[in-house]
Amino acid sequence: MQLYTTNSLKIYNTLSGEKEVFVPLNDGNIGMYVCGPTVYSNVHLGNVRTFMSFDMVYRYLLHLGYKVRYVRNITDAGHLTDDGNVDNDRFVKQTRLEKLEPMEVVQKYTVDFHRVLEVYNLLPPTIEPTATGHIIEQIELIEKLIEKGFAYESNGSVYFDVFEYNKKGLNYGELSNRNIEELFANTRDLDGQNEKKNPQDFALWKNASPAHIMRWNSPWGEGFPGWHLECTAMSTKYLGERFDIHGGGMDLKFPHHECEVAQGKACNDITPVNYWMHTNMLTMNGLRMSKSTGNYILPMQLVNGDNDFFEKKFQSSVVRFCFMQAHYRSVLDISNEAMIAAEKGYNRLVEAIKQLDSIKASTISTLNVAAWKNSCYEAMNDDLNTPILIANLFEGVRFVNLLKENSVTLTATDLEDFSKTIKAFVFDVLGLASETSSEGNLEKVTGLVELLIEMRNTARANKDFAMSDQIRDQLLALGIQLKDGKDGTEFSMV
Ligand code: AMP
Ligand code: ZN
């Protein structure tokens with residue numbers, strides 16, 4: 001597909017604090033890296049908002065015709081809360097709690113993460129690397145940083161030397177707009193401080209205490225990598241020393257992304273990322289969603305209704321619609337009322353799309369499809385403004401209603417263009433349930449099996465046992481078992 005509009009997409013870049021025209025490093029190709037989840041427990045709905053925002057960015061770039069290499073990692077080791085103290089290691093804590101091997105914890109929550117993303121209709125990234133699969137690359141980066149004078153070993157751990165970095169004229173704090181004196185004042189006295197030259201220095205490698213079960217050999221003894229380094233190692237390996245887009249939630253701006261900028265510049269003498277994108281937080285009933293405060297809901301609980309916050313269950317597409325109604329850089333609050341309103345809006349949109357196929361073309365157009373289509377692209381090109389796009393899609397809903405009443409008309413070409421555009425934005429770009437989403441498929445399978453059960457009942461009532469047995473046996477061959485009980489026939493997947 002050819003690019004719809006070259007050089008008209010603008011993206012807000014955290015680094016400059018401005019909306020900038022998006023120009024990829026390699027014409028037609030984009031490298032995008034998004035920090036993935038730390039898989040020591042289930043992702044909450046707030047995490048899903050961030051991943052969904054980048055899914056929308058990815059979908060729009062694909063829609064524009066770009067070839068995108070989209071890397072989203074899995075953090076399965078080395079997520080230091082502050083200091084590398086074993087009691088603060090989330091994996092180690094969870095391993096003890098669940099009496100599992102660390103890699104069992106990782107596997108369990110990675111599987112859960114993928115399942116959630118499938119239900120919420122997120123496209124998989126093109127590469128999904130893990131931190132533990134890139135220990136060698138991380139060690140090599142550390143060696144390079146030591147060699148170039150940006151890092152030092154201390155007691156089996158290695159730290160990045162922030163002061164040395166600044167002395168060389170580089171600017172630690174440029175992404176999050178902090179200055180080093182301020183950082184100095186705000187750094188708490190933590191375990192490991194006595195190993196550091198300065199409190200702002202951050203760990204690239206931590207010496208593992210005997211209690212630390214996730215450990216690897218290194219030139220500095222057994223230990224484990226620092227969290228910030230894994231993203232630099234994986235983004236450099238798959239996207240190069242400099243790439244187009246790096247994303248994550250706002251809370252990762254500092255220290256995580258600030259440290260990534262420093263590591264990249266120190267290693268490769270080049271700023272690693274052209275456009276830094278940060279998404280805003282999801283709040284629930286006014287409070288930020290977070291595991292630690294208990295103000296959270298699991299993504300599946302909203303879909304199956306198993307929670308105390310919402311009065312009913314909601315389709316994942318309705319949740320997606322609700323998220324897309326807010327701009328990715330704005331805080332979004334979800335509440336029962338917000339979800340009910342989103343459900344109404346979503347149903348109205350989907351209903352209008354269903355009507356489209358029954359509208360007849362005319363010999364003249366009395367609506368300006370080109371102008372409407374242009375407003376849709378303008379909204380998305382203005383820093384991915386999905387709320388404005390949705391307002392335009394509702395203008396499209398109004399068109400559908402007018403067309404149905406024959407108050408306005410469209411030629412066959414305009415009607416096709418209108419129909420294709422509205423469907424492309426709703427299904428491909430916003431990712432709202434399409435015919436092929438897993439949730440939609442499940443509903444269809446359930447409907448089909450129920451229909452076959454009814455046909456089998458009719459066959460049995462007519463004493464056509466050959467037919468009723470055929471239905472039962474062939475469903476079983478497909479992995480669907482029928483069970484006859486006194487309340488009728490139920491089915492299960494075997
Ligand atoms: P974590 O697994 O903690 O590294 O988080 C995964 C992603 O979710 C990161 O990009 C976080 O910034 C993001 N995140 C965490 N809490 C929220 C929230 N309440 N709303 C939106 N994004 C969040
Ligand atoms: Zn990261």
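Helices here are DSSP runs of H or I with at least four residues, strands are runs of E with at least two, and both are numbered from the N terminus. With that in hand, Lys 99 sits in the loop between helix 2 (90–98) and helix 3 (102–119).

A quick word on the ground rules. This is a predicted model, where local features need pLDDT of at least 70 and side-chain atom pairs count only at pLDDT 80 or more, while totals for chains, interfaces and linings use all residues. Residues are numbered from 1 along each chain as its sequence is written, chains are lettered from A and ligands numbered from 1 in the order in which they are written, and side-chain values use heavy atoms, leaving out hydrogens and water.

**The whole protein**

The protein comes to 16 helices and 15 strands, and its C-alpha trace spans about 85 × 60 × 40 Å along the principal axes. Of its 494 residues, 52% count as buried; buried means under 20% relative accessible area, exposed means over 50%, and partly exposed is in between (1.4 Å probe, protein chains only). The protein exposes about 22600 Å², and carbon and sulfur atoms supply 50% of that. These areas come from the Shrake-Rupley method with a 1.4 Å probe, and for residues only the protein chains shown count as cover. Take the contacts (heavy atoms within 4.5 Å) between residues at least 6 apart in sequence: 73% of them join residues at least 24 apart.

**Around ligand 1**

Ligand 1 has 15 residues around it, and the closest are Gly 46, Thr 50, Asp 251, Leu 282 and Met 289. To be counted, a residue needs a heavy atom within 4 Å of the ligand.

| Residue | Ligand 1 atom | Distance |
|---|---|---|
| Thr 38 (backbone N or O) | oxygen | 3.0 Å |
| Leu 282 (polar backbone atom) | nitrogen | 2.8 Å |
| Met 289 (polar backbone atom) | nitrogen | 2.8 Å |

Taken alone, ligand 1 exposes 490 Å², and the protein buries 91% of that. By type, the shell divides into 6 nonpolar, 8 polar and 1 charged. Here Ala, Val, Leu, Ile, Met, Phe, Trp, Tyr, Cys and Pro count as nonpolar, Asp, Glu, Lys and Arg as charged, and the others, Gly among them, as polar.

**Helix 11**

Helix 11 (residues 336–356) has 21 residues and reaches 31 Å from its first C-alpha to its last, close to the 30 Å expected; that expectation is 1.5 Å times one less than the number of residues. Its buried residues include Met 339, Tyr 346, Leu 349 and Ile 353, with Glu 343 also buried. Among the elements covering the buried residues of helix 11 are helix 10 (316–324), helix 13 (386–404) and helix 14 (412–429).

Asp 269 is found in the loop between helix 8 and strand 10 (273–279) and is exposed, at 63%. Finally, a cis peptide bond joins Phe 254 and Pro 255, with omega about 5°, and Pro 255 is in helix 8 (residues 253–268).

Key
Polar contact = N/O pair within 3.5 Å; in protein donor to acceptor, adjacent residues only side chain to side chain.
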